[in-house]
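This briefing sets out selected features of the structure shown below. The points are grouped by topic.

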Amino acid sequence: MRSKQGIIVCLTALLTAICDAGPPTLSVTTVKQEPYTMPKGTELEGYCMDLLSELSKKLNFKYNVHLVKDGNYGRQDERGNWNGMIGEVLRGEADLAVAPLTLTATREKFVDMSKPFMQTGISFILHKDMRSSDPDLFSFLSPFSTETWVGILVAYLVTGVCIYVVSRLSPCEWSEPQTEENSFSLMHSLWYTAGAVALQGAGPHPKALSGRVIVAIWWFFAVVLLASYFANLSSAQQSDKPQVSLATFEDLANQDMVEYGTLSASSTMTFLKNSNNLLYRRIYENMERKKSLVSSFDEGIRRAQKGNYAFIGESVSLDLAVSRYCNLVRSREVIGMRGYSIVGPIGSPMMKNVSVAILQLSEAGELDFLRNKWWSNSCVQEGSGASSVHPHCLKGAFVVLGLGLGLGVMLALLELISSSRKSAKEQKKNCCSVLSAELSQRLGTSGAQKTQETTDKSKP
């Protein structure tokens, strides 16, 4: 009887301890690398910290995060010992390693790795001046932006129409609309305007003050336009740096002008070293021979920014550098596709749940949300490289042209009003009726023809 009571007491105590224990607290190791893990005061933030927070909610665990002591990801030495985060997991110093750890066959032999939470590959970045730039068929249009070209076309059409209208309104230009044919038809007005842009005369020239004002303003606009065009075209075609076409890994391997390297003791270096592709192995041998490996990711970025250096690394991390520094560009070629995974002790039952949780986050779009959050483009354009001229750069010229066109049309109307008042006094008619008749006759599409036909019919 006493033994039964003892068993009951023990079971009750065990159940109470289990209920009071709550969720487990895991020790998590990570490495400082932007934007995965970054210090923020006394705490850490970044993509990996947000991912860890989401996993803890799904799997119901608490965690304590610390930075890896030696600052390494994890590499096996000649004696078989592992350093970095992999070594801490193997020695039991950490339950999980949450960082951009590349999933490799060698690591999978010693630790359990989850389903990848991010896909990446190997690429390289370099200074924009060193990238491959194939000549564009329509590169002659590059001095001006699309908006500027559209504005120039609109200004050309409006100016041609204004010359056409003014030449019809002004009595000094078209004194006898009943018998004379206007020399400035719409087609001739557009041709005259185009000839001014090409610095070619296309007579006859306007005789009235209103027409001459519009033409003079358009000539001024054309001179400013051509000066801006040729200055920007010349600037775009000049370069004081050697042109090196680097778009692929083959381009890197087949030249000696630009040095290249990667992060020492990284999975990228291992991939190039152990690859069966002769091109990739030649790249590794060249890096070893020239001692162009870097000790940190930031060092590789700095050397690429200085120019004459191509930094080879994980494409995801390189994309972040390009989004931060506008003078860098990443090659479109990506080789050796692989994924970033979370690491746990081999045989850990929790790693299966971690993989399932990562898949759930991926299907729910949470991983894409985190990627967009931490990889947002925040670069500030620097340098004085040539760029397309936008409309606001020629705003003054457009404003002067608009004022000139308005002044020309106003002068033409004043000339017509003055002529109408004189005719009204001579004919002893109302000025408004004479002006209305003049406008209908001058702006009518077939006013002159109708007047001529009426005159011919009245003849015996």
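A residue counts as buried when its relative accessible area is under 20%, as exposed when that area is over 50%, and as partly exposed in between. The model discussed here is predicted. Its protein chain has 460 residues, of which 39% count as buried.

**Overall architecture**
- The secondary structure of the protein chain consists of 17 helices and eleven strands.
- Of the contacts in the protein chain between residues at least 6 apart in sequence, 74% join residues at least 24 apart.
- The protein chain has an accessible surface of about 26100 Å², and carbon and sulfur atoms contribute 56% of that surface.

**Cysteines**
- Cysteine 162 counts as buried because its relative accessibility is 14%, and the cut-off for buried is under 20%.
- Cysteine 172 counts as exposed because its relative accessibility is 51%, and the cut-off for exposed is over 50%.
- The structure contains zero disulfides.

**Glutamate 88**
- Glutamate 88 belongs to helix 3, which spans residues 84-90.
- With a relative accessibility of 1%, glutamate 88 is counted as buried.
- A polar atom of the glutamate 88 side chain lies 3.3 Å from the backbone nitrogen of lysine 69.
- When neighbours within four places in sequence are left aside, glutamate 88 is in contact with Thr29, His66, Val68, Lys69, Glu93 and Ala94.

Methods: Residues numbered from 1 in each chain as written. Predicted model: local features only at pLDDT ≥ 70, side-chain atom pairs only at ≥ 80, totals over all residues. Heavy atoms only, no water. Disulfide = S-S within 2.5 Å. Buried < 20%, exposed > 50% of the residue type's maximum accessible area, 1.4 Å probe, protein only. Helix = DSSP H or I, 4+ residues; strand = E, 2+ residues; numbered from the N terminus. Polar contact = N/O pair within 3.5 Å; in protein donor to acceptor, adjacent residues only side chain to side chain. Contact = heavy atoms within 4.5 Å. Areas by Shrake-Rupley, 256 points an atom, 1.4 Å probe, with all protein chains shown as cover.
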